[in-house]
Amino acid sequence: MLKVLIADDEHKVCQLIEKLVDWEALNMQVVAVAENGIQALEQIREYTPDIAITDIRMPGYDGLELVHLAKEYNPKMEFIIISGYRHFEYAQTAIRYGVSAYLLKPIKKDELQETLKKLGEKLRARTRQLTYEEQVQLTLKSDGEVLRRVFLSDILSRRNKARLQEPLEKLNQEFHYGFQPGDFCMAILKIDGHGLDDGRQRQFLEDKVKSAAARLLTDCVWEQEMTLHAGSFCFLLNFDREEKARVRRGLKALMDEIRVQGSILQDIAVTMSVGTACGEPSGLWASLRNARMLIEERLIAGTGKLMEGEFPAGSSFADSDLFADFNVRMFQVLETLDPFQVRELMVQLKSQMLAARGITGHDILQMTREVCNLYLFFMKNNRIQVEEDFLEQYNTGADNCGSAAELFDYMIRTLTRSFEKAARLKRQDENRPIRVARKYVEEHYGEMLTLEQVSAVAELSPAYLSTQFKKSTGMTFLEYLSRVRMEEAKKLLKGTSRTVADICGQVGYSDVRYFTKSFTKYAGLKPNEYRKLYS
């Protein structure tokens with residue numbers, strides 16, 4: 001049974017198409033319905049339909065863009081375009097993209113049914129004619145694409161360095177490249193904001209980048225490979241040295257096009273960096289490092305630029321006096337468990353760093369990461385729990401920041417929120433033994449209680465319990481025990497007719513005279529006087 005996808009931004013149109021056709025008679029099944037181009041492309045990848053019926057105008061991708069991108073994913077997929085526009089250029093473009101039919105609204109049942117019938121016959125005939133050799137070629141193509149990505153991923157993750165020393169012929173044979181002697185370099189297209197947070201938006205941008213790169217770079221490079229890595233689109237390029245200027249123009253055009261294409265998404269900024277060119281693949285790691293340093297410079301220089309050139313190597317900012325001083329003060333304020341003091345210290349750091357002369361984007365990024373590492377180090381050493389994925393979540397959010405001020409604000413907000421939660425839990429944990437002790441006293445006040453006995457229940461030493469008890473309640477252990485007993489005695493004197501001697505024994509005293517003296521001191525009245533006044 002052939003699988004069909006329907007895509008139209010009007011829900012009623014989708015329902016109409018579903019009801020117009022006798023799908024069972026055509027041996028077809030509607031497997032998905034989409035209401036925008038991004039969703040449609042996602043469902044094409046998920047359900048791999050044989051036929052798509054799509055409107056020409058939709059949010060995200062229009063029908064023609066959807067056809068173009070889906071054909072890259074599955075060249076044999078068939079499309080029926082439905083449109084309310086009679087413009088010839090739409091039909092002409094659709095034919096160029098390989099669309100099987102271009103139907104005008106309002107949709108005619110017989111026309112749609114006949115079009116689907118012909119497409120079904122065409123697809124089944126094509127399936128029967130697929131030869132063994134064609135199946136092998138498709139498998140080899142898929143395997144080759146995987147191997148190319150593996151090679152690029154190893155460079156990005158700094159794995160298998162020795163591999164880059166191998167001859168071009170061996171690399172080409174092993175990883176399905178077509179490298180030629182010339183220049184090699186790495187380039188990074190960075191998208192800041194939250195455009196990559198949503199899976200559908202990420203796929204939309206990835207498809208746009210891939211399509212634009214193929215169109216703008218193919219004529220000026222021998223080889224190119226792209227992958228999305230750690231929130232950035234990373235490119236491996238191999239080209240003739242004489243084509244360097246054209247490659248640069250192509251990358252600039254790519255950046256500009258993605259910025260325009262991405263305008264349908266809110267809150268994104270685009271920056272491109274080009275690493276230093278090298279004559280051998282062995283220099284690609286250095287080129288990648290240069291490209292990364294340049295892309296980090298957007299935090300100072302601003303987004304929307306093509307960053308290139310040799311980035312000067314500097315000393316580690318973590319070795320500076322500013323960081324050493326901050327390190328000491330950070331530990332001091334963390335020990336207070338006061339989130340406000342921690343926040344104020346980070347605000348001061350932000351002001352100092354943004355005002356520092358010669359500060360680089362790499363310095364800013366390095367410093368914020370070091371602050372997070374200091375925080376985690378302190379918390380671990382003091383056995384204070386924080387979120388298990390704190391650093392991973394922080395790095396993901398920091399990667400979306402396009403300026404130094406935004407990055408610092410994000411760091412301050414994230415770390416303060418985490419510390420407030422951790423400090424609250426820490427204080428609760430420290431007070432737990434006191435809560436246990438107080439509850440035990442309130443339940444056993446009628447017994448002959450001692451500090452040693454209660455400290456054993458709270459699992460603390462008597463001396464430490466005594467100190468923490470005073471700190472938490474403002475009273476010594478004996479003062480608290482006496483207060484509990486006196487309050488209970490007052491209830492019994494007011495609410496019962498028991499004798500003072502009985503009440504004395506019930507609240508934990510064995511000497512009536514001592515009880516009377518203690519009660520008079522606490523309540524300002526002797527027990528019998530208290531009863532007469534309040535009962």
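A residue is called buried when its relative accessible area is under 20%, exposed when it is over 50%, and partly exposed in between, with a 1.4 Å probe and protein chains only. These legends describe a predicted model, in which local features need pLDDT of at least 70, side-chain atom pairs count only at pLDDT 80 or more, and totals for chains, interfaces and linings use all residues. Residues are numbered from 1 along each chain as its sequence is written, and side-chain values use heavy atoms, with hydrogens and water left out.

Figure 1. D399 is partly exposed, because its relative accessibility is 24%. The residue is placed in the loop between α15 and α16 (404-444); helices (H or I, at least four residues) and strands (E, at least two) are DSSP runs, numbered from the N terminus. Apart from neighbours within four places in sequence, D399 is in contact with K190, D192, A230, G231 and R298, where contact means heavy atoms within 4.5 Å. D399 and L365 are 34 residues apart in sequence, and their C-alpha atoms are 9.6 Å apart in space.

**Figure 2. The second largest pocket.** L365 is also among the residues closest to the centre of this pocket, together with R292, I295, E296 and R369. The second largest pocket holds about 610 Å³ of space, and 23 residues line it. On a 1 Å grid over the protein atoms alone, a pocket is an open set of points with protein on both sides within 12 Å along at least five of seven lines, whereas a cavity is a set of points where a 1.4 Å probe fits but cannot get out; lining residues have an atom within 4 Å of a point. Grid points are joined across faces, edges and corners, and a volume is the space filled by probe spheres set on the points. Two or more lining residues come from each of β6, β8 (232-239), α10 (284-296), α11 (298-301), α14 (361-381) and α15 (390-398). The largest share, 7 residues, belongs to α10. By class, the lining has 11 nonpolar, 4 polar and 8 charged residues; Ala, Val, Leu, Ile, Met, Phe, Trp, Tyr, Cys and Pro count as nonpolar, Asp, Glu, Lys and Arg as charged, and the others, Gly among them, as polar.

Figure 3. Rolling a probe the size of a water molecule over the atoms shows where empty space is left. A search of the whole structure finds 1 cavity of 30 Å³ or more, and the largest cavity contains about 30 Å³ of space. Its lining consists of F151, D154, I155, R159, N160, K161, R163, L164 and W285. Helix α6 supplies the largest share of this lining, 3 residues. The lining divides into 4 nonpolar, 1 polar and 4 charged residues. The charged end of R158 sits over the ring of W285, 4.5 Å from its centre; for this, NZ of Lys or CZ of Arg must be within 6 Å of the ring centre and within 35 degrees of the ring normal.

**Figure 4. Aromatic pairs.** Rings of Phe, Tyr and Trp (its six-membered ring) pair if their centres lie within 6.5 Å; planes under 30 degrees apart count as stacked, over 60 as edge-to-face and the rest as tilted. This rule gives 17 aromatic pairs. One of them is the tilted pair of F151 and F179, with 6.0 Å from centre to centre and 55° between the planes. F151 belongs to helix α6 (residues 132-156) and F179 to the loop between α7 (168-175) and β6 (183-193), so the pair ties together parts that are 28 residues apart in sequence. F151 and F179 are both buried.

**Figure 5. An aromatic cluster.** Y509, Y514, F515, F519, Y530 and Y534 form one aromatic cluster. Within helix α22 (residues 527-534), Y530 and Y534 are 4 residues apart, about one turn of the helix. Their pair is tilted, because the ring centres are 4.5 Å apart and the planes are at 40°. Y530 is buried, at 5% relative accessible area, whereas Y534 is partly exposed, at 46%. The charged end of R485 sits over the ring of Y509, 5.3 Å from its centre.

**Figure 6. Two residues with positive phi.** Most residues other than glycine have a negative phi. N27 is not a glycine, yet has a positive phi of about 60°. N27 is located in the loop between α1 (11-20) and β2 (28-34) and is partly exposed. L337, likewise not a glycine, has a positive phi of about 55°. The loop between α12 (321-335) and α13 (339-355) contains L337, which is buried, with a relative accessible area of 13%.
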